[in-house]
Amino acid sequence: MAKYICTVCGYEYDETEGDQENDIIEGTLFEELPSEWTCPMCGVGKEDFEKDFYDEDEDEDEDDE
Ligand SMILES: [Zn+2]
């Protein structure tokens, strides 16, 4: 499970907790959020979030680009 940070206001979406106020159940992956989901704090869309790497396995391979 990962966390995603709103780059605008700093709101943190935690996949383990979901977004109860917006009917997002716990365990919902960020990719699984409905496209109309927006930041509960400032209202920006998912495209303005970035993944927060915390205790995931560090992947040295640059297969992201
Ligand atoms: Zn925000």
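Cys-6 is in contact with Tyr-11, Cys-39, Met-41, Cys-42, Val-44, Asp-48 and Phe-49, leaving aside its neighbours within four places in sequence; two residues are in contact if their C-beta atoms, placed from the backbone, lie within 7 Å. The model is predicted: local features need pLDDT of at least 70, side-chain atom pairs count only at pLDDT 80 or more, and totals for chains, interfaces and linings use all residues. Residues are numbered from 1 along each chain as its sequence is written.

Cys-6 also belongs to the largest nonpolar core, together with Tyr-4, Tyr-13, Cys-39 and Phe-49. Such a core is a set of buried Ala, Val, Leu, Ile, Met, Phe, Trp, Tyr and Cys residues joined through C-beta atoms within 7 Å. Buried means that 20 or more other C-beta atoms lie within 10 Å of the residue's own. Of the 65 residues in the chain, 8% are buried.

The chain has zero helices and three strands, where strands are DSSP runs of E with at least two residues and helices are runs of H or I with at least four. The strands form an open sheet in the order β2-β1-β3, with antiparallel pairing; pairing requires at least two DSSP bridges between two strands. β2 and β3 are the edge strands, each pairing on one side only.

| Edge strand | Residues |
|---|---|
| β2 | 12-14 |
| β3 | 49-52 |

From one strand to the next, the twist averages 30 degrees, with angles running from 0 to 180 degrees between N-to-C directions of axes fitted to C-alpha atoms. Strand β1, residues 3-6, is joined to β2 by three bridges, and Tyr-4 stands opposite Tyr-13 in β2.

Notes
Buried ≥ 20, exposed ≤ 12 C-beta atoms within 10 Å, placed from the backbone.
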